[in-house]
Amino acid sequence: MDSPARPRRAIVTGAGSGIGRAVALRLLREGIEVLAVDIDAARLAELDGKNCSTMSCDLSDPVARKKLADAAIGADYLVNSHGIICIKSIFDVTVEDWRRVQAVNAESIFFLCQQIGPVLRAGGAIVNLSSSSSKLATTTEVAAYAASKTTILSITRSFAYALAKRPIRVNAICPGIIETPMQASVLAEVSALRQSDVASIEAARHAAVPLGRAATADECAGAIWFLLSDESAYMTGQAVNFTGGLVNW
Ligand code: NAD
């Protein structure tokens with residue numbers, strides 16, 4: 001449970017960019033000490049400072065994950081926001097593409113939950129970044145990525161059960177369209193594959209969203225903070241849509 005008596009600590013992966021960066025900044029504003037983790041050391045350097053330390057590593061590497069798990073002992077929160085996307089025709093995806101996406105997006109999250117979940121302080125929480133693509137198949141150019149994001153939902157449910165007695169809560173968030181560097185690359189590469197232009201693809205995507213727009217990374221960080229905080233103390237094992245109404249199941 002939230003305790004003002006001691007400083008709280010969080011591990012945020014993918015903190016060099018986009019949603020992870022916004023989560024790290026939000027947690028710092030909440031007075032929480034952050035260990036920001038990313039493969040991109042240069043982007044992390046911008047965060048290094050008061051209450052924020054950094055660790056640059058490839059989270060698909062088991063040795064790096066063990067080092068992170070050692071640093072995580074006694075932390076309150078873990079947000080797994082690192083990830084990669086593979087944009088190709090579903091018929092061109094190779095075994096190597098498939099394995100890399102599963103290793104970075106899904107395998108790493110399984111073992112981060114396995115190794116860090118048990119060393120979090122009782123009352124802590126984990127949020128895993130899944131995606132609306134775990135539930136939709138409309139963008140077939142991201143099929144390998146979508147499979148990894150569906151796996152994250154299963155991982156989240158399993159660890160929610162496994163860690164509930166301590167209690168540590170484990171939830172997933174399924175963002176739709178969030179304005180980040182990853183989203184920009186999706187738009188650019190999907191429009192190239194479909195021989196269309198970015199503006200038309202973007203307009204069609206926004207038109208499909210009931211609220212009619214993308215969200216900012218800060219808005220998404222707010223929903224993630226809700227899932228970490230005691231405001232959601234009775235929620236675990238959930239896959240929370242953050243899609244402007246695009247997905248409602
Ligand atoms: P992003 O590309 O802006 O940030 C992802 C970060 O992960 C980068 O800083 C990158 O360096 C880091 N990273 C990649 N591989 C890594 C590895 N092996 N080890 C450590 N760090 C690594 O992406 P984003 O849009 O902020 O996405 C964050 C998360 O949210 C991802 O899991 C993504 O799949 C998910 N998501 C994003 C959107 C969206 O619209 N932006 C939608 C749904 C889900």
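Predicted model: local features only at pLDDT ≥ 70, side-chain atom pairs only at ≥ 80, totals over all residues.
Student: Where do I start? Which helices and strands are there, and how many?

Tutor: Start by counting elements. The chain has eight helices and nine strands.

Student: What share of the residues is buried?

Tutor: Buried residues make up 49% of the 249.

Student: Which other residues does F242 touch, beyond its neighbours within four places in sequence?

Tutor: Its contacts include I173, P175, G176 and I178. A215, E219, C220 and A223 are also among them.

Student: What should I know about charges?

Tutor: Side chains of opposite charge can pair when their charged atoms come close. This chain has 24 positive and 24 negative charges, and their mean positions are 7 Å apart. The count of salt bridges is 10.

Student: Which residue pairs with R6 in a salt bridge?

Tutor: D76 does, with the closest N and O atoms 2.9 Å apart. That pair links distant parts of the chain, 70 residues apart. D76 is in the loop between helix 3 and strand 4, while R6 is in the segment before strand 1.

Student: Is D76 buried or exposed?

Tutor: Buried means under 20% relative accessible area. D76 has 5%, so it counts as buried. R6 has 25%, so it counts as partly exposed.

Student: Which other residue meets D76 in a salt bridge?

Tutor: R121 does, at 3.7 Å from N to O. R121 lies in the loop between helix 4 and strand 5, and is 45 residues from D76. At 32% relative accessibility, R121 is partly exposed.

Student: And what about K88?

Tutor: K88 forms a salt bridge with D97, with closest N and O atoms 2.6 Å apart. K88 is partly exposed at 27%, whereas D97 is buried at 17%. As for shared partners, salt bridges join R6, D76 and R121 into one network.

Student: How do I read the backbone?

Tutor: Most residues other than glycine have a negative phi, and most peptide bonds are trans. Look for the exceptions. A cis peptide bond joins R166 and P167, with omega about 0 degrees. P167 lies in the loop between helix 5 and strand 6.

Student: Where does N51 lie, and what is its phi?

Tutor: N51 is in the loop between helix 2 and strand 3. Its phi is positive, near 70 degrees. N51 is partly exposed, at 37% relative accessibility.

Student: Is Q195 buried or exposed?

Tutor: Q195 counts as exposed, at 75% relative accessibility. Q195 has a positive phi of about 50 degrees, and is not a glycine. Find Q195 in the loop between helix 6 and helix 7.

Note on methods
Residues numbered from 1 in each chain as written. Heavy atoms only, no water. Helix = DSSP H or I, 4+ residues; strand = E, 2+ residues; numbered from the N terminus. Buried < 20%, exposed > 50% of the residue type's maximum accessible area, 1.4 Å probe, protein only. Lys, Arg positive; Asp, Glu negative; His and termini not counted. Charge placed at Lys NZ, Arg CZ, Asp CG, Glu CD. Contact = heavy atoms within 4.5 Å. Salt bridge = Lys/Arg side-chain N within 4 Å of Asp/Glu carboxyl O.
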